[in-house]
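Here are a few friendly notes to read alongside the structure.

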Amino acid sequence: MAALPKVEVAAAGAKQSAVINFLKESPKNLLIGGKFVAAKSGKVFESINPANEEVLALVAEGDAADIDEAVKAARGAFEQGRWPSMRPAERARYLFKVADLIEAHSEELAELETLDNGKPIWESRVVDVPFAAETFRYYAGWVTKIYGETNPSDPSMFNFTLHEPVGVCGQIIPWNFPLLMASWKLAPALACGNTVILKPAEQTPLTALRLGELILEAGLPDGVVNVIPGFGPTAGGAIAAHPGIDKVAFTGSTEVGKEILKASAGNLKRISLELGGKSPNIIFPDTDMKRAVGSAMMGVFMTQGQVCCAGTRIFVEQGIYEQFAEALSQGAQKMTLGNPLDPKTKMGPVVSREQYDRVMGYVKIGKDEGAKVAAGGEAAGGKGYFIKPTVFTGVCNEMRIAREEIFGPVAATIPFKDEDDAVLQGNDTTYGLAAAVWTRDVSRAVRVARRLKAGTVWVNTYGVLDPISPFGGYKQSGFGRELGRYALELYTQVKSVFVAL
Ligand code: ADP
């Protein structure tokens, strides 16, 4: 058994006593059938604060045996429970209640997220937590509006469709937006009447477990939401392969997405995949340069660049390339690195030692490929997984730093000649999650937006997401659309009923 964490040291700087109390109840157990229970194996793993490398909490390590139990609980709640068949207005109220509870605990959740993930507290406060609450509220609104249709059938028949829940859903989420990804997954699934087994990433299980507590507090029936932290190949693999799970929704790397697709073939699960990206952010000269630079910085450095839709390939028209790269590099150099709990901090640590090694590996690859470091290019040193925001110039789109997803604070700036060249280079990637174009020319903005092969295109902005609007990938960035009314399609199946008259 690992030693109990020294919570006050690991969570130094946390102000919320609720956070300290939550962390002190160690180990954090699995949520199955409305109860928090130890893993069957008795195993636990450590959740680390990436800012100081201290153990925040011990967490029960779910594996196939626990997934089995969770499937039984979720199946029971789906087949015998009230959840799928309760009055929609009543189900909506539960989701509104979850949103209210997230808001009521917003500062606590923000601190917990920042401790577990390393993202600056201003981000947790402004983005992760409020967006999580909004997502539950948005889908609470949909519960009473999931319509089938009546069809113009032969007059001897009455034909109508029902949009029914899919059943038991397995949801596997990453570590970059732990609470928010849990909300993007849970809220639409629950709105449609499904029951869920959620597996948070092993690096960041804490806010999903706290959300599990809030969901119980909101009064959702036992077994409707089960939360099983554990490792990818074991807990995640068991979800992907389990014959008792009807649908899997996954957000993570393209590599693992392919594994999940293969593993799910056994019982032909419905699958939705939101995978990696190498998104182009295209800057034409006729734009507000100051805004474009500021937005490009946010687009590539937010959450330490560990964002699937990060604008990592910044294409700049060759006439303004030097000027733009210089402004971006200066901005990067000015970003305050430090304790992510400090509201002034703009850049925290990357999430884990593994991620730190991976990102630093890519920084070296960039240098070896001949790109020039215009900012950063090194670790910050000291304790914690801090990497200085890095800007490479002189990058060409063939380099590995322009082709492979780094998932860290590393920007590749690439010059382009004209509109055709920008679109050609922008689309020259295996990914297609997002893209942006900066120009004051409306026609060009729309032309380029149409030509870019990406699930989301921003014009004169970057990174805007909203529960009202679909999000998902073209090409190897995955398939299926989360958010908006499109997510309802992921979590419902359509039944056609013929009634002879
Ligand atoms: P990253 O490389 O960014 O850590 P991953 O795709 O490895 O992203 O992880 C995203 C989620 O997928 C995590 O919850 C992780 O535990 C899970 N995962 C990793 N490998 C597998 C696998 N083989 N099967 C199912 N889930 C997995």
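1. A cavity here is a set of points on a 1 Å grid over the protein atoms alone where a 1.4 Å probe fits but cannot get out. Grid points are joined across faces, edges and corners, and a volume is the space filled by probe spheres set on the points. By this rule there are four cavities of 30 Å³ or more.

2. Before going on, please note that this is a predicted model, where local features need pLDDT of at least 70, side-chain atom pairs count only at pLDDT 80 or more, and totals for chains, interfaces and linings use all residues. Residues are numbered from 1 along each chain as its sequence is written, and side-chain values use heavy atoms, with hydrogens and water left out.

3. Who lines the largest cavity? There are 14 lining residues (those with an atom within 4 Å of a point), and P280, G426, A434, K453 and A454 lie nearest the centre. α15 (419–427) and β17 (434–438) are the elements that give two or more residues to this lining; helices (H or I, at least four residues) and strands (E, at least two) are DSSP runs, numbered from the N terminus.

4. Now to the open space. The largest pocket has a volume of about 1000 Å³, a pocket being an open set with protein on both sides within 12 Å along at least five of seven lines. Of its 39 lining residues, W175, F250, G252, S253 and V256 are the closest to the centre. α10 gives the most to this lining, with six residues.

5. Where is the ligand? The ligand sits in the largest pocket, as more than half of its atoms lie within 2 Å of the pocket's grid points. The elements giving two or more residues to the shell around the ligand are α9 (232–241), β10 (247–251) and α10 (254–263), and α9 provides the largest share, four residues.

6. Look next at the ligand's neighbours. There are 17 residues around the ligand (a heavy atom within 4 Å), and I173, W175, K199, E202 and S253 come nearest. Polar contacts are pairs of N or O atoms within 3.5 Å. A polar side-chain atom of W175 is 2.8 Å from a ligand oxygen atom, and one of K199 also lies 2.8 Å from a ligand oxygen atom. G232 brings a polar backbone atom 3.3 Å from an oxygen atom of the ligand.

Notes. Polar contact = N/O pair within 3.5 Å; in protein donor to acceptor, adjacent residues only side chain to side chain.
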